[in-house]
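Subject: Structure handover

Hello,

Please find the structure below, sequence included. My notes on it come after.

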Amino acid sequence: MSDSFDVIVIGGGPAGYPAAIRAGQNKLSVACIDEWKNHDGTTAFGGTCLNAGCIPSKALLESTELYHRAHEEFAAHGIKATDVTIDVTQLQKRKSGIVKTMTQGILALFKAAGVIALQGHGKLLSGHRVEFVAHDGTRRELTAKNIILASGSAPIELRSAPFQSPQIVDSWGALEFPSVPKRLGVIGAGVIGLELGSVWRRLGSEVVMLEALPEFLAVADQQVSKEALRHFKKLGMDVRLGAKVTGAKVTGDAVDVTYTDAKGEQKLTVDRLVVAIGRRPYTKDLLGSDTGVELDERGMIKVDHECRTGAEGIWAIGDCVRGPMLAHKGKEEGVMVADLIAGNYAEVNYKTVPSVVYTAPEIAWVGLTEEQVKAQGKAYKVGVFPFLASGRARAMEQAQGFAKVIASKDDDEILGVHIIGPMAGELIAEAVLAMEYSASTEDLQRTIHAHPTLSEALHEAALAADKRAIDSINR
């Protein structure tokens, strides 16, 4: 096997493996190095997303939503399901099977694209060299004209509540519970915390969310956040805002948590505690001396708008660089870099990166929030359409939430779209495409949407921006 390549990718997660595949498609010689190890010692490509994040969490969210709907919703359809129970072992087995299938699929994709898969640790050295240490300790020095760093990210550990498995765990640990904890505490009511809290609340856990910020889901449009909070409370999740954790002590098989809020010091006892306060770039032992690659104050690799580092021929993508830590953002960066290396035109439009929270109802958005538009001093207009007025949503017994379109008053260009409701993560794709082409609300208004569909909500929201909605009262 050659030790010299056109491209070496360090990291085989959702940013790295697409970069390797596209480079192979571009007829470049490619090696992709990844050091992921599962709890049982097995290795796999796919990084956190496929092994311990996006995919396993969605599997559990889907299963638990069906269970919850059987208890809470089926009766409205005339379906009697009186003795529905949950088998957590089977739940976890299904999840693991999906993960295994998806990760093994990457190896098949590598083979088809001519990518050499190397499992172990990769370290960038000076002079376009990479030190590769296989899991069995074998060392090789590789070289490449271009090297792509895609080392990903890792959960942030809270000093006041350090990980102590199985009682105090990170997001991966929260996906592996063998049984339903009676009392579950979640530190951080962000995207990851809300998804994990939803999984176990649907199965019967008493869930308390401790969020340090005074606002709920501050990253989202606040009209959406307020609607979401209402639904999470209806689900039975106890969301406590402005709650700053000061300590967590494992006592037997329980965890005693202390935190402060507006009323002073508080105490909480739970059976399991999930710390989901965010993620940090993972660059441990990634960079040798004199590589020319720099890190910023947050530990992220410094890159320009095309993901070039300060060193010629060295690139960085995904969670280890600036921008939102989202798998699809990293994937597009990987494809862009592989195309640029091959001499092709490529770019990533960071203004149209969608975000999705896979709860029930789902939450999705792209572009600016109303608060951001207002802060910029732009003259704008807003159209909102409730799913209560959607025939398809009512037929599904999922008529919660709304679609919201924000557009410029001057030229009608769409500035942001925000959806909370059924299949929001799928519906947002139309908005992303519209904004990619700098579409106006009129463009959406004049686009025929099939009836009855959930997508009509976006059509009607665009009409509502000009007070021309057909299926809801214009205000």
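Conventions

This is a predicted model, in which local features need pLDDT of at least 70 and side-chain atom pairs count only at pLDDT 80 or more, while totals for chains, interfaces and linings use all residues. Residues are numbered from 1 along each chain as its sequence is written, and side-chain values use heavy atoms, with hydrogens and water left out.

Cysteines

A disulfide here is a pair of cysteine sulfur atoms within 2.5 Å. The count by this rule is one disulfide. It is formed by C49 and C54, whose sulfur atoms are 2.4 Å apart. The angle about the S-S bond is -125°, and the link of C49 and C54 is left-handed. For accessibility, buried means under 20% relative accessible area, exposed means over 50%, and partly exposed is in between (1.4 Å probe, protein chains only). C49 has a relative accessible area of 11% and is therefore buried, whereas C54, at 29%, counts as partly exposed.

C32 is in no disulfide; its nearest cysteine sulfur is that of C320, 13 Å away. At 0% relative accessibility, C32 is buried. C320 is also in no disulfide, and the nearest cysteine sulfur to it, that of C307, is 8.9 Å away. C320 is buried too, with a relative accessibility of 0%.

Salt bridges

A salt bridge is a side-chain nitrogen of Lys or Arg within 4 Å of a carboxyl oxygen of Asp or Glu. There are 22 salt bridges in the structure.

One of the salt bridges pairs E195 with K58, with 3.2 Å between the closest N and O atoms. E195 lies in helix α6 (residues 191-202) and K58 in helix α3 (residues 54-72), so this pair ties together parts that are 137 residues apart in sequence. E195 is buried at a relative accessible area of 7%, and K58 is partly exposed at 23%.

Another salt bridge joins E227 and R230, where the closest N and O atoms are 3.0 Å apart. Both residues lie in helix α7 (residues 222-235), three residues apart, which is about one turn of the helix. E227 is buried, at 15% relative accessible area, while R230 is partly exposed at 47%.

D238 and R240 also meet through their side chains in a salt bridge, at 2.8 Å from N to O. D238 is partly exposed with a relative accessible area of 32%, and R240 is partly exposed with 25%. Elsewhere, salt bridges that share partners join D221, E370 and K404 into one network.

Cavity

The search used a 1 Å grid over the protein atoms alone; a cavity is a set of points where a 1.4 Å probe fits but cannot get out, and lining residues have an atom within 4 Å of a point. Grid points are joined across faces, edges and corners, and a volume is the space filled by probe spheres set on the points.

The largest cavity has a volume of about 70 Å³. Its lining consists of P155, I156, D170, S171, I192, V275, A276, I277, G278 and R279. These residues divide into six nonpolar, two polar and two charged.

Helix α13

Why is helix α13 (residues 456-464) described as largely enclosed by the rest of the structure? Nine of its nine residues are buried, so the description follows from the count. The buried residues are E456, A457, L458, H459, E460, A461, A462, L463 and A464. Their cover includes strands β19 (380-386), β20 (402-408) and β21 (414-421), along with helices α11 (424-436) and α12 (441-445).

D339

D339 is in helix α8 (residues 327-341). At a relative accessible area of 11%, D339 is buried. Contact means heavy atoms within 4.5 Å. With neighbours within four places in sequence left aside, D339 is in contact with R22, N26, N344 and A346.

Regards

Definitions and conventions:
Helices (H or I, at least four residues) and strands (E, at least two) are DSSP runs, numbered from the N terminus. On a 1 Å grid over the protein atoms alone, a cavity is a set of points where a 1.4 Å probe fits but cannot get out, and a pocket is an open set with protein on both sides within 12 Å along at least five of seven lines; lining residues have an atom within 4 Å of a point. Ala, Val, Leu, Ile, Met, Phe, Trp, Tyr, Cys and Pro count as nonpolar, Asp, Glu, Lys and Arg as charged, and the others, Gly among them, as polar.
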